Amino acid sequence: MSALFNSLSITGSGMGVYKTWIDATADNVANVNTVTSTDEPAFQQRFVLASANENGAGSIGNGARVAGVQFGDAEGRLVYDPAHPLADENGMVRHPDMVLSDQMTNLIIAQRAYQANVTVFERARDAYLRGLEIGR
Amino acid sequence: MIVGDATTRALHAALGGLNARRQAAEDNIANVETPGYHAKVVDFEDSLRSAIGRGEPGDMATSVTRSLAPTRMNGNNVAVDEEMVGLTETALRHQLVVEAMNGKFRLLRTSIQGQ
Amino acid sequence: MIPPISAATVSSPISLPSAVTATPGADPASQERGVDFGKAVTNALENLQSSQSATDALSEKAATGDLKAIEDYMVMATETQLATQLTVAVRNKAVESFNDIMRMQI
């Protein structure tokens, strides 16, 4: 919003990015066992692309934003499972090409970053409140 | 009225605008899960700036529009983090404007009371 | 708005620099500081009107959201408040001494 309390909107943008990242990770984890047949694409892992809001060279930027969401490999892992109702004539089904532990790591990173943004927000707000008391 | 000078009227108008912004943010946060709800956006700064330039700060108009940000699946486009941050920022600006008004009244009181 | 007090009418009964610098046995360094304080006071008296206008301009910027840093407004407002109180105190003293003189029996 305004340049006066800029730190607040900067940390707000960061919180938005990490919240989107947590949403994407939640989506990935919810679909970690989503099986599709071989004639459909596999569940593609969601990647959040973050980019910085630059203000030109030599000046402080304006936080971060989600530049877009990218989708991972559509091929997935082919698994031999002839008992599965979606199996093709060779007994293969597609599993998404994701590792659960990677998603958990991402979740922890995103959560810590979100909390760090909240801490910065609170400190900046306290600094501004003290600034409003100058001369009292 | 001796207290009706241009700066005081501008500050008073700004308080009204900031109050409208705070109410819009509260509405948006309350409706964060309402399907089809578009966030309200309050803008008064441009109107206030041109009103001050014209010499009539009381002429400010507060505009409440609907945000055109992309919506999620249920048609709702409220970004709750931005609304919370905006609420804090509006509160801080409100405090600054109130402090400015108090400062003006303090000056007048000092001149009148002689202390 | 209350008309501004002109410095010419209030600074004549007071000659600040000589009163402050006539400290007996003071070394040159503290005499330097004394002269600066006197100058600061007379500056505040003379520039009251312009510092009030500057505070008003910064208040309007704060209202429209164009203010770049809160410190700018807070410091200027505090300076103006102190300068106003100083001017009022000087005015009161001047009025008091005028009344004392008027009451003197000839």
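In this predicted model, Trp21(A) counts as partly exposed, at 24% relative accessibility. Tyr18(A) is partly exposed too, with a relative accessible area of 24%. Both residues sit in helix α1 of chain A, three residues apart, which is about one turn of the helix.

Over all chains, the count of aromatic pairs comes to two. In one of them, the ring centres of Phe5(A) and Tyr128(A) are 4.8 Å apart and the planes meet at 75 degrees, so this pair is edge-to-face. Phe5(A) belongs to the segment before α1 (6–30) of chain A, while Tyr128(A) belongs to helix α2 (residues 100–131) of chain A, so the contact ties together parts that are 123 residues apart in sequence. Phe5(A) and Tyr128(A) are both buried. Tyr18(A) and Trp21(A) also form an aromatic pair, this one tilted, with 6.3 Å from centre to centre and 40 degrees between the planes.

Chain B has a ring with a charge over it: Arg66(B) lies over the face of Tyr37(B), 5.2 Å from the ring centre.

The largest pocket has a volume of about 1,500 Å³. Its lining is made up of 47 residues, and Asn77(B), Val78(B), Ala79(B), Val80(B) and Glu82(B) lie nearest the centre. Elements of chain A that give two or more residues to this lining are α1, β1 (46–52) and β2 (64–71), joined by α1 (6–30), β1 (40–43) and α3 (80–113) of chain B. The largest share, 11 residues, comes from α1(A). Sorted by class, the lining of the largest pocket holds 22 nonpolar, 13 polar and 12 charged residues.

Technical notes
Residues numbered from 1 in each chain as written. Chains lettered and ligands numbered in written order. Predicted model: local features only at pLDDT ≥ 70, side-chain atom pairs only at ≥ 80, totals over all residues. Heavy atoms only, no water. Phe/Tyr/Trp six-rings, centres within 6.5 Å; stacked < 30°, edge-to-face > 60°. Helix = DSSP H or I, 4+ residues; strand = E, 2+ residues; numbered from the N terminus. Buried < 20%, exposed > 50% of the residue type's maximum accessible area, 1.4 Å probe, protein only. Lys NZ or Arg CZ within 6 Å of the ring centre and 35° of its normal. 1 Å grid on protein atoms, 1.4 Å probe; cavity = no way out; pocket = protein on both sides within 12 Å on 5 of 7 lines; lining within 4 Å. Points joined across faces, edges and corners; volume = space filled by probe spheres on them. Nonpolar A, V, L, I, M, F, W, Y, C, P; charged D, E, K, R; others polar.
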